[in-house]
Amino acid sequence: MTAPSTSGPAAPSPTGPAAPSAPKATAPRSTLRRRPFRLAFPPVSGVLRPRLLLTGLLLAAGAFLLFCWGLTIGDYPVPLGDVIKALGGSGDAATVLVIQELRLPRALTGLLVGVAFGVSGAVFQTMTRNPLASPDMIGLTAGAGTAVVAAVVLGWTGGMGLSTLGLLGSLATALLVYALAWKRGATGYRIILVGIGVSWICTSATDFLVARGNRFEAQAALGWLVGNLNGRTWDQVNTLALALAVLLPVTLGMSRWLRTLQLGDDVAAGLGTPVQPVRLALLLAGVGLVAFGTAAAGPVAFVALAAPQIALRLAGTSSPPPLVSGLTGAFVVLGSDLLAREAISGTELPVGIVTGALGAPVLLWLLIRVNRAGSGG
């Protein structure tokens, strides 16, 4: 007889069932995740997006710092503390005059133009579901530029201001692009391709008008066409501020319907969205923002294209958020204006040159990314 084995139970076979592993530690939930909320009074419900809110606050703070920094620069340097006092109307009388009458209109124009272009770009990119469908890509700024240059060179104002002429030029261009792109619907890529063609037509017409004008008129038109904040006055600020006071609440009020349009017309209609009236209202609001911004500072290149895409990635949303896109546009324009004034000593470049140099790589990156995604129309 053999003695019984005193060893313990046999070890499990390598091919046998594995021992149950210890439960994995779950990562703590991020404090920046969206949270639904419902209020009893007033009866409002929605989703709180902390990351979106934090991004907007940081961009607003950054834009305000750039705004104040720009007011310190000039032939008469002013410390930042004196700038804050002068904005409130206190301090040295000469400093208050320089800040409020000479420098503040320029800074406010840059701020408002950035907001207008950023919000308009977010509207068009979301509505067409294409990141390349910005107002400057589909010819809206070129149409406004042609109308304004025609008024400057030929004197055909007809009793209307430059803002009104820019609005009419952008609206006519938008309707032309939409009509030519319509073929049982208008997809994003078709709008972009037609818009590029219309944009070049408007650019050629503008070049012809500049060549036809005399030397003084041509210089004034060329300085404006690049996108320029030099010599802005309270007239441009007041007109643009009034336009934003009307168009911005309208656009933000339709942001919920704007998100449903991103799902397609059939799904949006099934969710209760009046598709065609909303699209027309958004088109008019976006065109108005572009037109008034272009009339105030010229067609500042690539802001409407780049700002919504930057805002989308900073906020982590599925589509460009309009208000954060506007704040991003303000930050981009004010920062580019500082670079334009300080990059070359003794030379003050137009802001459109800097935004064009910074925006061109963004355009190339978007073209590569969209091509890899294989989206078309």
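Modeller: This is a predicted model. In it, the side chain of T355 reaches the backbone oxygen of G352 at 3.1 Å. T355 itself sits in helix α14, residues 351-373.

Biologist: Is T355 buried or exposed?

Modeller: Buried residues are those under 20% relative accessible area. T355 has 3%, so it counts as buried.

Biologist: Which residues does T355 touch, leaving aside those up to four places away in sequence?

Modeller: They are V300, A301, F302, V303 and S336.

Biologist: What is the phi of F302?

Modeller: Phi of F302 is near 70 degrees, a positive value in a residue other than glycine. F302 lies in the loop between α11 (275-297) and α12. With a relative accessible area of 18%, F302 is buried. R129 also has a positive phi without being glycine, near 55 degrees. The loop between α3 and α4 (140-154) holds R129, and at 52% relative accessibility R129 counts as exposed.

Biologist: How should I read the packing of two helices?

Modeller: Two packed helices are described by the angle between their axes and by the distance between those axes. Take α3 (residues 93-128) and α12 (residues 303-315): the angle is about 75 degrees, and the axes are 7 Å apart. An angle of 65 to 115 degrees counts as roughly perpendicular, so α3 is roughly perpendicular to α12.

Biologist: Which residues make the contact between α3 and α12?

Modeller: From α3 come F117, G118, G121, A122 and Q125. The α12 side supplies V303, A304, L305, A307, P308 and Q309. By class, the residues of this contact divide into seven nonpolar, four polar and no charged. V303 is also among the residues that T355 touches.

Biologist: What about disulfides: how many are there?

Modeller: A disulfide is a covalent bond between the sulfur atoms of two cysteines. The rule asks for a pair of cysteine sulfur atoms within 2.5 Å, and by this rule the count is zero. As for burial, C68 counts as buried at 2% relative accessibility, and C202 is buried with a relative accessible area of 13%.

Biologist: And the chain as a whole?

Modeller: The chain has 14 helices and two strands. Of its 377 residues, 46% are buried. Among contacts with a separation of 6 or more, 69% come from residues 24 or more positions apart.

Note on methods: Residues are numbered from 1 along each chain as its sequence is written. This is a predicted model: local features need pLDDT of at least 70, side-chain atom pairs count only at pLDDT 80 or more; totals for chains, interfaces and linings use all residues. Side-chain values use heavy atoms; hydrogens and water are left out. Buried means under 20% relative accessible area, exposed over 50%, partly exposed in between (1.4 Å probe, protein chains only). Axes are lines fitted to C-alpha atoms, for helices over the stretch in contact, and angles run from 0 to 180 degrees between N-to-C directions. Helices (H or I, at least four residues) and strands (E, at least two) are DSSP runs, numbered from the N terminus. Angles under 35 degrees count as roughly parallel, over 145 as roughly antiparallel, 65 to 115 as roughly perpendicular and the rest as oblique. Contact means heavy atoms within 4.5 Å. Ala, Val, Leu, Ile, Met, Phe, Trp, Tyr, Cys and Pro count as nonpolar, Asp, Glu, Lys and Arg as charged, and the others, Gly among them, as polar. A polar contact is a pair of N or O atoms within 3.5 Å; within protein, one must be able to donate a hydrogen and the other to accept it, and residues adjacent in sequence count only if both atoms are side-chain atoms.
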